[in-house]
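Look at the model below with its pockets in mind.

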Amino acid sequence: MTSGDGYGYRGTGRRGVLRAGAAAVLLGAVGCSSGGKPGGASTSSVAAPTATPTAAPMPTPLPNPPLWQPGPGEIQPDVKRRAVELVAALGAWPPGGQGVEPGRARVAALGLPPGLADQAGRLAPAAVEASLEVIDAQYGGILADSASVLVVCRQWTRQSDGSVAPGGITVDVRLSRAEPRWTVIALHPGDPGPAAASPAPAVAKVLAEPRIELPPEAEADLLSGNVHDTVPTAMLRLAGPYTLSVSVVRTGHPLDVFGTTRPSDHPLGRAFDVRRIDGRAVVDPATPRQLIESFMRDAAAAGSYNVGGPVAIAGAGNQFFTDDTHHDHVHIGFNS
């Protein structure tokens with residue numbers, strides 16, 4: 001009969017029960033048994049340790065700066081806002097948003113011609129993800145029915161291996177008057193070209209000078225070797241009494257003075273623009289006019305033959321000038 005010990009073994013008397021109990025203890029000690037071999041023999045094995053899965057490292061998030069907004073003192077501020085919106089739509093995208101077709105969709109969402117995405121060039125490089133900071137939006141020209149806005153940017157792009165590449169670009173955005181808002185008719189992304197084998201001595205000093213702030217494209221202009229020595233030399237001289245934030249040097253500026261057929265000094269590598277003096281925005285009405293006038297006069301003393309800004313200064317010939325285009329920056333040009 002079957003014993004009442006609960007193990008289901010068959011045996012006779014006490015010895016059978018003890019034998020069954022010993023077998024149970026043995027099985028418990030090894031933790032597992034074979035599927036049973038003839039003659040009651042058993043084998044045991046130890047389970048391999050389970051590997052703990054390693055979580056994939058999270059990619060470094062790209063910077064997410066707020067969208068640039070015009071401040072006090074701007075002329076036609078929505079013209080600049082319109083240009084900045086377009087550049088931000090074309091120069092930043094989430095994973096999966098790269099390519100011309102997604103760019104066209106983002107432009108169309110702004111109520112602008114989708115074909116503008118085809119003109120993005122270096123603003124929309126091949127990258128799985130991108131973010132953009134608009135450092136400044138400066139007029140390249142503003143007339144009654146047309147405008148050029150120079151959108152100065154810093155950009156970060158994620159490469160296919162997950163790494164992040166910093167960079168930047170200045171885009172000349174052309175607009176025309178329309179209702180209810182101005183519309184964009186073209187954009188011209190800048191391209192400073194490759195860096196020279198080694199920077200000129202004055203350029204090296206500018207790059208090492210903490211009192212001179214340069215956006216990526218302006219720095220690339222200096223490194224390209226396509227800028228006259230008068231430009232870095234004047235920057236260094238002005239950095240003595242002032243801290244200056246440069247906006248544009250060569251790349252990204254219209255080829256001609258806006259609204260004319262007269263060549264601009266910028267594409268020739270003979271000019272630079274300053275957007276802030278001692279940390280104060282040139283366009284801001286709260287920035288002392290005396291500070292701006294003093295800076296403009298010192299720029300002329302540093303060799304500039306053509307200094308423009310928001311302040312009217314009496315001077316010989318046309319050495320100083322002011323107009324709506326230059327209400328937001330100081331232009332410093334050279335004739336050699």
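The largest pocket is lined by 26 residues, and nearest its centre lie Val 257, Arg 262, Asn 306, Phe 321 and His 326. A pocket here is found on a 1 Å grid over the protein atoms alone, as an open set of points where a 1.4 Å probe fits, with protein on both sides within 12 Å along at least five of seven lines; lining residues have an atom within 4 Å of a point. This is a predicted model, in which local features need pLDDT of at least 70 and side-chain atom pairs count only at pLDDT 80 or more, while totals for chains, interfaces and linings use all residues. Residues are numbered from 1 along each chain as its sequence is written, and side-chain values use heavy atoms, with hydrogens and water left out.

The volume of the largest pocket is about 470 Å³, taken as the space filled by probe spheres set on grid points that are joined across faces, edges and corners. Its lining has eight nonpolar, 13 polar and five charged residues. In this scheme Ala, Val, Leu, Ile, Met, Phe, Trp, Tyr, Cys and Pro are nonpolar, Asp, Glu, Lys and Arg are charged, and the others, Gly among them, are polar. Strand S1 gives the most to this lining, with five residues; strands (E, at least two residues) and helices (H or I, at least four) are DSSP runs numbered from the N terminus.

The second largest pocket holds about 250 Å³ of space. It is lined by 19 residues, and Trp 68, Glu 74, Asp 136, Ala 281 and Val 283 are the closest to its centre. S1, strand S7 (271–277) and strand S8 (280–281) are the elements that give two or more residues to the lining of this second pocket, with S1 giving the most, four residues. By class, the lining of the second largest pocket comprises seven nonpolar, four polar and eight charged residues.

S1 spans residues 129–142 and includes Ser 131. Is Ser 131 buried or exposed? Ser 131 counts as buried because its relative accessible area is 8%, where buried means under 20%, exposed over 50% and partly exposed in between (1.4 Å probe, protein chains only). A polar atom of the Ser 131 side chain lies 3.0 Å from the backbone oxygen of Pro 63. Beyond four places in sequence, Ser 131 touches residues including Leu 62, Gly 91, Arg 154 and Trp 156; contact means heavy atoms within 4.5 Å.

Glu 213 belongs to strand S5 (residues 212–213). With a relative accessible area of 31%, Glu 213 is partly exposed. A polar contact of 2.9 Å joins its side chain to that of Arg 276; such a contact is a pair of N or O atoms within 3.5 Å, and within protein one must be able to donate a hydrogen and the other to accept it, with residues adjacent in sequence counting only if both atoms are side-chain atoms. Glu 213 also touches Val 246.
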